[in-house]
Amino acid sequence: MSTRLEALPYRHVLTLPAIPSAVRTARETAEEALMEWGISRRHPAVDPALLILGELVTNSVRHAAEVSPQLTVVYAAGRDCLAFAVHDRHPYRPTLDAAATAAGAGGLATVMELTLGLGGSAVVRGDADGNGKSIWITLPL
């Protein structure tokens with residue numbers, strides 16, 4: 001997908017403590033934002049998107065909380081695209097490619113399988129200082 005994320009007209013940013021309840025809060029906030037933006041909860045991409053979001057937030061809570069006591073979720077959407085990112089300040093940047101999906105290990109394999117299955121894309125963007133990253137997921141609507 002070649003959608004410019006900066007061009008998406010709808011955007012919401014949420015910063016949460018890196019604790020287990022952040023998963024539920026991130027999903028509930030996504031549902032509220034989608035409803036506000038006129039994206040039906042029944043759209044076929046919504047349930048997989050919520051699962052992907054939950055997996056990414058869970059990974060930040062499990063693997064980055066010691067280094068990154070907060071995480072940030074960015075939600076964005078347009079007429080034909082839904083995008084979101086989970087950001088933490090842990091320097092590790094996971095590999096998001098077909099090999100990760102083929103390995104079938106853990107939440108990132110699920111994230112990639114769902115994302116690619118929906119015709120979406122996933123990218124890891126490192127912070128300028130090298131001490132954090134965002135994992136961006138873009139899905140067609």
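Is the crossing of H1 and H2 left-handed or right-handed? The crossing is right-handed. This tour of a predicted model begins with that pair of helices.

**First stop: H1 and H2.** Select helix H1 (21-36) and helix H2 (46-64). Their axes cross at roughly 145 degrees and come within 9 Å. Next, display the side chains where the helices meet. On H1, these are Ala22, Val23, Ala26, Arg27, Ala30, Glu31 and Leu34; on H2, they are Val46, Leu50, Leu51, Leu53, Gly54, Val57, Thr58 and Val61. By type, this contact comprises eleven nonpolar, two polar and two charged residues.

**Second stop: the largest nonpolar core.** Select Leu53, Leu56 and Val57, which touch the most other members of this 33-residue core. At least two core residues come from each of H1, H2, helix H4 (106-117), and strands S1 (10-17), S2 (70-78), S3 (81-88) and S5 (133-140). H2 supplies the largest share, eight residues. Now centre the view on Val57. Beyond its neighbours within four places in sequence, Val57 is in contact with Ala22, Val23, Ala26, Leu71, Val73 and Val86. In soluble globular proteins, nonpolar side chains tend to be buried together.

**Last stop: the loop between H1 and H2.** Select Gly38, which lies in this loop. Is Gly38 buried or exposed? Gly38 counts as exposed because its relative accessibility is 65%, and the cut-off for exposed is over 50%.

Terms used:
Residues are numbered from 1 along each chain as its sequence is written. This is a predicted model: local features need pLDDT of at least 70, side-chain atom pairs count only at pLDDT 80 or more; totals for chains, interfaces and linings use all residues. Side-chain values use heavy atoms; hydrogens and water are left out. A nonpolar core is a set of buried Ala, Val, Leu, Ile, Met, Phe, Trp, Tyr and Cys residues joined through side-chain atoms within 4.5 Å. Buried means under 20% relative accessible area, exposed over 50%, partly exposed in between (1.4 Å probe, protein chains only). Helices (H or I, at least four residues) and strands (E, at least two) are DSSP runs, numbered from the N terminus. Contact means heavy atoms within 4.5 Å. Axes are lines fitted to C-alpha atoms, for helices over the stretch in contact, and angles run from 0 to 180 degrees between N-to-C directions. A crossing is left-handed if the near helix is turned anticlockwise from the far one by less than a right angle, and right-handed if clockwise. Ala, Val, Leu, Ile, Met, Phe, Trp, Tyr, Cys and Pro count as nonpolar, Asp, Glu, Lys and Arg as charged, and the others, Gly among them, as polar.
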